[in-house]
Amino acid sequence: MTSGSTPAPDSIASAPTPRPGGTGELAGHIVARLGYGAMQLRRLHDDRAAALALLRHAVDLGVDHVDTAEFYGNGFVNDVIREALRPGDGVVIVSKVGAVSDPGGPFPIRVAQRPEELRDAVETNLATLGVEQIPVVNLRRTDVGFTPPVPDDQIVGLDDQLAEMTALRDEGKIGAIGLSSVSPDVLRRALPAGIVCVQNPYSLVAREDEELLDLCAAERIAWVPYFPLGGALPGGAKVTDEPAVLAAAERLGRTPAQVGLAWLLHHSPRTLLIPGTATTGHLEANLAAGAITLDAEILAGLDAIPPRQSVARRSGGPLH
């Protein structure tokens, strides 16, 4: 091609898709700060084509961090991920162990904390996801957050669990270890195992874990809050009900949910978000929250919202 000539259309390289929310680090990978929590795909169990299209759309919009678990939809969600994602997508898949599906039980899942159960869960995730290694696997404990009842034989020491997780990492079945639903003391004890992320319930109205967030920041561990808008159970405080959030949304021309997500991104640079949805419009709105700028006045108003005790600290509810 000579200087000044117009290139043929097929020779023009397309610009890379911007990562929603900018970039953060997860287990040595650079990922978008706004990813996708796949739990809500189970709502599309009877419309597999819609589930596949939604996940593909997320990737097309720049999502490269997808959070899942084998017990989401009793394997349905992992199966959708296996079919929808392609090797060239560069998506970091994060799964979790510590619970299993229990369709015939009193809850749709039950805790499964014993080391042999953690190993079985990793093997099942590998099979349903159709991969040889899961980049990150979170050990979902029962220290905080809500969970089904925990029988005595499921009260397992952290050291025994981490020994099994470390063995799985050494065998190459998982790439890195994360934690979910833990206290600061548990994270401190686990640090020698090389923890790369922590998932706990946390939002603008449920900030009990500020100490844990500070510890993650100090140790360069990704902070991945679940239930980022609160209101996970009936009666729980909702970010979208707060007057300061509503006022900020009106001023910015955004939705209250977008303001709540934007606050989390502004609150700590270690934060990675995985909001979930089963609709295209909601997905696009969630990802658009990554482009919101909160000025000092708005941030001051949001920071002044008094935190509430999170309903997510109670037992007996669903497991993230």
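The legends below describe close-up views of a predicted model.

Local features are described where pLDDT is at least 70 and side-chain atom pairs count only at pLDDT 80 or more, whereas totals for chains, interfaces and linings use all residues. Residues are numbered from 1 along each chain as its sequence is written, and side-chain values use heavy atoms, with hydrogens and water left out.

**View 1. Packing of helix α1 against helix α9.** Helices (H or I, at least four residues) and strands (E, at least two) are DSSP runs, numbered from the N terminus. The axes of α1 (residues 48–60) and α9 (residues 280–288) come within 10 Å and cross at roughly 20 degrees, where axes are lines fitted to C-alpha atoms, for helices over the stretch in contact, and angles run from 0 to 180 degrees between N-to-C directions. The two helices α1 and α9 are therefore roughly parallel to each other; angles under 35 degrees count as roughly parallel, over 145 as roughly antiparallel, 65 to 115 as roughly perpendicular and the rest as oblique. The contact (heavy atoms within 4.5 Å) is formed by Leu54, His57 and Ala58 from α1 together with Thr280, Leu283 and Glu284 from α9. By class, three of these residues are nonpolar, two are polar and one is charged, with Ala, Val, Leu, Ile, Met, Phe, Trp, Tyr, Cys and Pro counted as nonpolar, Asp, Glu, Lys and Arg as charged, and the others, Gly among them, as polar.

**View 2. The buried side of α9.** Leu283, Asn286 and Leu287 of α9 are buried, a term that means under 20% relative accessible area, while exposed means over 50% and partly exposed lies in between (1.4 Å probe, protein chains only). These three residues cover an arc of only 95 degrees around the axis, which puts them on the same side of α9; the arc is that of the directions from the helix axis to the C-beta atoms. What covers the buried residues of α9 includes β3 (36–37), α1 and α8 (256–267).

**View 3. Helix α8 crossing helix α10.** The axes of α8 and α10 (residues 296–303) lie 11 Å apart, and the helices pack at an angle of about 100 degrees, so α8 and α10 are roughly perpendicular to each other. Val259, Trp263 and His266 of α8 meet Leu299, Leu302 and Asp303 of α10 in this contact, whose residues divide into four nonpolar, one polar and one charged.

**View 4. The two sides of helix α7.** In α7 (residues 243–252), the buried residues are Val245, Ala248 and Ala249, and because they fall within an arc of 100 degrees when seen down the axis, they line one face of the helix. Pro243 and Glu250 are exposed on the other side of α7. The cover over the buried residues of α7 includes α8 and α10, and α7 is followed by Gly253, whose phi is positive, near 70 degrees.

**View 5. The loop between β9 and α5.** Val182 is found in the loop between β9 (177–180) and α5 (184–190), and at 0% relative accessibility it counts as buried. Leaving aside neighbours within four places in sequence, Val182 is in contact with Arg141, Asp143, Val144, Val198, Asn200 and Leu212. Ser181, which lies in the loop between β9 and α5, counts as buried at 0% relative accessibility and has a positive phi of about 60 degrees although it is not a glycine.
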